[in-house]
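Here's a quick tour of a two-chain model. Have a look at how the chains meet first, then at what sits inside.

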Amino acid sequence: MSEITAEQVAHLANLARIDLSSAEIDRLTVELGQIVDSVAKVAEVATPDVPATSHPMPLTNVFRDDVVVPSLTVDQALSGAPDRAGDKFRVPAILDEE
Amino acid sequence: MAKAELMDYDKALELFEPVLGFEVHVELNTKTKMFCGCANEFGSGANTNTCPTCLGLPGGLPQVNRQAIESSIRLGLALGCEIAETSRFARKNYFYPDTAKNFQTSQYDEPIAFNGQLTIELESGRQVTVDIERAHMEDDAGKLTHMGGAAGRIQGADYSLVDYNRGGVPLVEIVTQMIEGAEADAPEIGKTYVAAIREIVKALGVSNARMEEGNVRCDANVSLRPRGSNILGTRTETKNVNSLRSVERAVRYEIQRQAALLTAGGTITQETRHWHEDTGVTSAGRPKSDADDYRYFPEPDLVPVAPSRAWVEELRATLPEPPAARRKRLQADWGFVNLEFQDVVNSDLLDVMEATIAAGAPAQAARKWWTGEIARLANAAGVTAESLVTPAQVAALIALITDGTLTDRLARQVLEGVIAGEGTPSEVVASRGLAVVSDDGPLIAAIDEALASQPDVLAKIRDGKVQAAGAVIGAVMKAMRGQADAARVRELVLERAGSAPVEQAPAEPAE
């Protein structure tokens, strides 16, 4: 059984800015635990000669040429923004007064 | 903000050993961003260079810029690094409006370059080898402008504005190992190290390397270890140190601030500090905390970068001569003493000097013009010297002085004409009629006239009072509107005085 705790889930939710109810935290604690257990199973059969992988496709070096393509217009770029000021995105104050 | 107590610098060094570390971010000068085809340019209208990928909109997919990879590998090689056989990108997750993606695409456990070394030389001649831990690739953040509150600072701002043009621009972050044994040289080591990085990326041509435009940015880590202790002190990371002088000042300031705090029984908080260029102080930013749990994970939308050894060697073959070695070679070639050479280096004139000398100008003459008159004009106009004239034009100007066509004074007028866009130095000489009058005819006429109108002077010269000739030379130069070689005028004055009739005015012009 994994050692995922409700505290860890709450901490993670906080870091990810996800507002979870205590019922959701309980459910996710169990589900995340099962995922960690499953990954641990894979780790059991993966011997040291099997390198860690981050991508299912056996591909490397997929590059594009350094050529400019048209960007969005300013209005397109700002169209989904909750607020704007001129051509810039407007966001709430970031830090409180110290 | 309360002003921090500072300990006298020498006293601080007596009690503590400073330990340094630097993170230098270099913005690459690729045409496009790291992961999308938006233009990478400074100074465009706000949010004109954005797309779904760099704005983190649904459906955006990153694609790696080959040129950025090549530049990163070349930079890694120039820093003496090993280049990874496989390297990959990772997401560094954080919430801050400078990125719309809510993560920075960076590298974590598999940087493109690692284990390098850079040897720098201080003004005293002391050599310091800085070990480079890694140089990894990442994308830059957007630019925030804080509105309201005190003078554009983040503290107390009412709201902030974001321009994402810079978001997604390719960066290489160069991270040093801990630098110990810096001692009192710590501030100079910081400045010299960042200067060396700047010089290298410029020589490689991978960055515009303009610190004032943020192409090269430094975070300075400083901690103090009490003398006789082997336990490292808590470090602070000062951000936003964006000029060479600031690096030096910020390191010195942190040493003095931390020393005062520790001696008074306080503790150093591990935190990010902001450098304030205007007041020369650092102020506390956010403390390191849970917020620094970045939950890195491999970027699922990008495949690994696995540069073949052949590719790496091909790129290694494109490396320029290391700047430090080049400086040594040029100083020896030019025969400059340290002061003369430093003058050229500090004015950022090495390239134009080299080109001017290659175009045939003697080294000392090239130095005199570039660091003298041209630098003065550039300074007055608030532009760089090399934006005013080309090395070829300067070499041509110097050639005209050497062959006697121009005096230094006339050459300055020709230079003005060249800068004003009137053509090559020869063309300006012709169009402004500035050549030294080398045909003796008009000169002799002017001299005879001057001698005849000053018979007392003539008498003195004939009596052997050669210094009296000055008055005549002055009159002649005036009559010639300066377009005469003073040495030749003096020669001719003495010659004519010897044969001129005395007290017989007006004199007949010589035949």
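Across the interface, 33 residues of chain A are in contact with 42 residues of chain B, where contact puts two C-beta atoms, placed from the backbone, within 7 Å. This is a predicted model, so to speak with some care: local features need pLDDT of at least 70, side-chain atom pairs count only at pLDDT 80 or more, and totals for chains, interfaces and linings use all residues. Residues are numbered from 1 along each chain as its sequence is written, while chains are lettered from A and ligands numbered from 1 in written order.

| Element | Residues |
|---|---|
| β1(A) | 63-64 |
| α3(A) | 74-78 |
| β3(A) | 88-92 |

β3(A) gives the most, with 5 residues. β1(A) also runs parallel to β2(B) (residues 64-65), joined by 2 bridges, and DSSP needs at least two bridges to call strands paired. In that pairing, Phe63(A) has Val64(B) as its bridge partner.

Now the inside. The largest nonpolar core has 75 residues, with Val26(B), Ala135(B) and Ile197(B) touching the most other members. Core members are buried Ala, Val, Leu, Ile, Met, Phe, Trp, Tyr and Cys joined through C-beta atoms within 7 Å; buried means 20 or more other C-beta atoms within 10 Å of the residue's own. Helix α3(B) (186-204) contributes the most, 8 residues. A second, separate core holds 46 residues, including Ala385(B) and Ala446(B).

Notes: A residue is buried if 20 or more other C-beta atoms lie within 10 Å of its own, exposed if 12 or fewer, and partly exposed in between; C-beta atoms are placed from the backbone. Helices (H or I, at least four residues) and strands (E, at least two) are DSSP runs, numbered from the N terminus.
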